[in-house]
Amino acid sequence: MAQPSSLTNSSQQRSPNSLTQAWLALLALSVGSALLTLIGAPSAIIAGGILLLALIKARVILKHYLDLENSQSWLRGFTMVLTGFSVVVFALYLV
């Protein structure tokens, strides 16, 4: 008789609605990034907005697709590192 595995299949734990909502959020953020390029704002504001939207997209991916919503400390750590990296990239863009 086969024993049940101690590891659970994480794809079965996630709700299909949650993944659909995450996908729609990523789609909306991508459209938002494209629309930012159409406004007549200074390039630094557009670049900052696109970088901010990319940071939000990274958090959505980490939370929903990589299942870090159950591990808040890892999600917070990745978010802090990505935020720091984004600040450095934006500062280099401004220089």
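Visitor: Which helix do the buried residues of H4 pack against?

Guide: In this predicted model, the buried residues of H4 pack against helix H3, residues 43-65. Those buried residues are Leu75, Thr79 and Ser86.

Visitor: What makes residues such as these count as buried?

Guide: The cut-off is a relative accessible area under 20%. Leu75, Thr79 and Ser86 are the residues of H4 that count as buried.

Visitor: How do you know that the span of helix H4 agrees with its number of residues?

Guide: Helix H4 covers residues 72-94, which is 23 residues. The expected span is 1.5 Å times one less than that number, so H4 should span 33 Å. The C-alpha atoms at its ends are 32 Å apart, and the two values therefore agree.

Visitor: Why is histidine 64 called buried?

Guide: Histidine 64 has a relative accessibility of 16%. Buried means under 20%, so histidine 64 counts as buried. Its place is in helix H3.

Visitor: What joins the side chains of histidine 64 and serine 18?

Guide: A polar contact of 3.4 Å joins them. The cut-off for such a pair of N or O atoms is within 3.5 Å, so the 3.4 Å between the side chains of histidine 64 and serine 18 meets that distance.

Visitor: Why is leucine 24 called partly exposed?

Guide: Its relative accessible area is 44%. Buried would need a value under 20% and exposed a value over 50%; leucine 24 is therefore partly exposed. This residue is found in helix H2.

Visitor: Which residues form the nonpolar patch on the surface?

Guide: Leucine 24 is one of them.

Visitor: Which helix gives the most to the nonpolar patch?

Guide: H2 does, with 5 residues. Helix H2, residues 16-36, and H3 each supply at least two.

Visitor: What makes up the secondary structure of the protein?

Guide: There are 4 helices and 0 strands. From the N terminus on, the order is α-α-α-α.

Visitor: How much of the protein counts as buried?

Guide: Of its 95 residues, 19% do. The accessible surface comes to about 7,000 Å², and 69% of that belongs to carbon and sulfur atoms.

Terms used: Residues are numbered from 1 along each chain as its sequence is written. This is a predicted model: local features need pLDDT of at least 70, side-chain atom pairs count only at pLDDT 80 or more; totals for chains, interfaces and linings use all residues. Side-chain values use heavy atoms; hydrogens and water are left out. Buried means under 20% relative accessible area, exposed over 50%, partly exposed in between (1.4 Å probe, protein chains only). Contact means heavy atoms within 4.5 Å. Patches are made of residues with over 30% relative accessible area and no salt bridge: like charges are joined within 9 Å, nonpolar side chains (Val, Leu, Ile, Met, Phe, Trp, Tyr) within 5 Å. Accessible areas come from the Shrake-Rupley method with a 1.4 Å probe; for residues, only the protein chains shown count as cover. A salt bridge is a side-chain nitrogen of Lys or Arg within 4 Å of a carboxyl oxygen of Asp or Glu. A polar contact is a pair of N or O atoms within 3.5 Å; within protein, one must be able to donate a hydrogen and the other to accept it, and residues adjacent in sequence count only if both atoms are side-chain atoms.
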